[in-house]
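Please examine the structure shown below. The paragraphs that follow lead through selected local features.

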Amino acid sequence: MSAFRDGLFEGKSVFVAGGTSGINLGIAKRFADLGAKVAVLGRNPEKAAFAAADIGQGAIALTADVRDYGAIRAALEEAAATNGKFDVVVSGAAGNFLAPALGMSANGFKTVIDIDLIGTFNVFRACHDLLVTPGASLIAITAGQAINAKPLQVHACAAKAGINHMIRVLAMEWGPEVRVNGISPGPISGTEGMARLAPDASEHDAYFERIPLKRWGEIDEIAEAAVFLSSSSAAYVTGTILDVDGGSQLGDASRMDVEKGLA
Ligand code: NAP
Ligand code: COA
């Protein structure tokens, strides 16, 4: 159930890089439901077309790789020509796979850095002169790996840590016209990310125990955060990483000392 009023983003232009599936598609849908003109971008044209049809309301499907600056710039220009300059740009394209550092080639590491970190720079750099100013909201989708070291994810940890710091620098450089924030989702059910990182369903109950709110999150809960950060309610919020993770980043809430009140 959304706390935001119908029509809140009526006529606004929203671009979601990586918006053709999962969490980012959920964000795109929520903005469209609130009246926005939405464009989504991914590499796979069939997937992008399917996502745009799913969103409805004239959503635009675009195909480009965030690693290719020229292609991203062209896609942004195409979306802006149809929907108008952007009020909101979300950068959420990412890649991840579990592998130890010694089982990862230099190209495997570079691939995730290129998609997540450099891809986010490309999207934000390329959209800047296509933003509605003052007032535009940029949101990068980061992750808890930016803060908490995770074995088998040296690439994603490094990439997301870079994104967190990039958010802060851009917030300093681009204010007051543009606000730049991040959302750090916890484990979100029904997503590609969790299929890759927690594939064994028999381990999920134990996983929930470690999370203060004792469950996985929902895509809608990330979409709500994106709407909040792009609304006038967040007009004085920039350079922030909003954790929407059930408290996951606080540590292991299943420990005995928590139960004994000693934590
Ligand atoms: P997902 O469904 O795999 O979504 C990834 C999106 O990015 C898709 O639209 C994909 O489309 C696009 N994409 C991937 N590589 C791209 C590239 N090189 N150029 C352009 N588009 C590209 O992932 P998700 O699990 O929902 O995760 C979405 C975001 O949330 C990611 O930033 C992820 O790190 C973050 N996150 C997820 C979780 C979770 O629980 N799932 C937790 C924390 C953070 P194509 O494949 O067609 O390119
Ligand atoms: N273990 C070790 N290395 C792996 C790997 C794995 N599971 N998967 C890919 N790699 C390596 C490849 O071997 C290659 O390195 P090499 O050239 O030295 O052999 C490198 O990573 C690039 O792989 P490639 O398949 O060419 O990359 P891509 O650009 O086509 O795809 C990925 C990018 C690998 C990140 C792919 O998983 C992807 O597209 N993911 C998007 C969806 C996603 O991850 N969603 C979850 C978001 S949290």
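Is Trp216 buried or exposed? Trp216 is buried, with a relative accessible area of 11%, where buried means under 20% relative accessible area, exposed over 50% and partly exposed in between (1.4 Å probe, protein chains only). The model is predicted, and local features need pLDDT of at least 70, side-chain atom pairs count only at pLDDT 80 or more, and totals for chains, interfaces and linings use all residues. Residues are numbered from 1 along each chain as its sequence is written, chains are lettered from A and ligands numbered from 1 in the order in which they are written, and side-chain values use heavy atoms, with hydrogens and water left out.

Across the whole structure, 4 aromatic pairs are found; rings of Phe, Tyr and Trp (its six-membered ring) pair if their centres lie within 6.5 Å, and planes under 30 degrees apart count as stacked, over 60 as edge-to-face and the rest as tilted. One of these pairs joins Tyr207 to Trp216 edge-to-face, at 6.3 Å centre to centre and with 80 degrees between the planes. Tyr207 is partly exposed, at 27% relative accessibility. Together with Phe208, Tyr207 and Trp216 make up one aromatic cluster. Arg210 lies over the face of Tyr207, 5.0 Å from the ring centre; this term requires NZ of Lys or CZ of Arg within 6 Å of the ring centre and within 35 degrees of the ring normal.

Helices (H or I, at least four residues) and strands (E, at least two) are DSSP runs, numbered from the N terminus. Lys160 belongs to helix 5, residues 154-174, and is buried, with a relative accessible area of 8%. Beyond its neighbours within four places in sequence, Lys160 is in contact with Ala94, Asp116, Ile141, Thr142, Ala143 and Ala146, contact meaning heavy atoms within 4.5 Å.

A cis peptide bond, with omega about 0 degrees, joins Thr133 and Pro134, and Pro134 lies in the loop between helix 4 (106-127) and strand 5 (136-141). Another cis peptide bond joins Gly175 and Pro176, with Pro176 in the loop between helix 5 and strand 6 (178-185). Positive phi in a residue other than glycine occurs at Gln57, near 50 degrees, and at Leu152, near 75 degrees. Gln57, in the loop between helix 2 (45-55) and strand 3 (60-63), is exposed at 53%. Leu152, in the loop between strand 5 and helix 5, is partly exposed at 40%.
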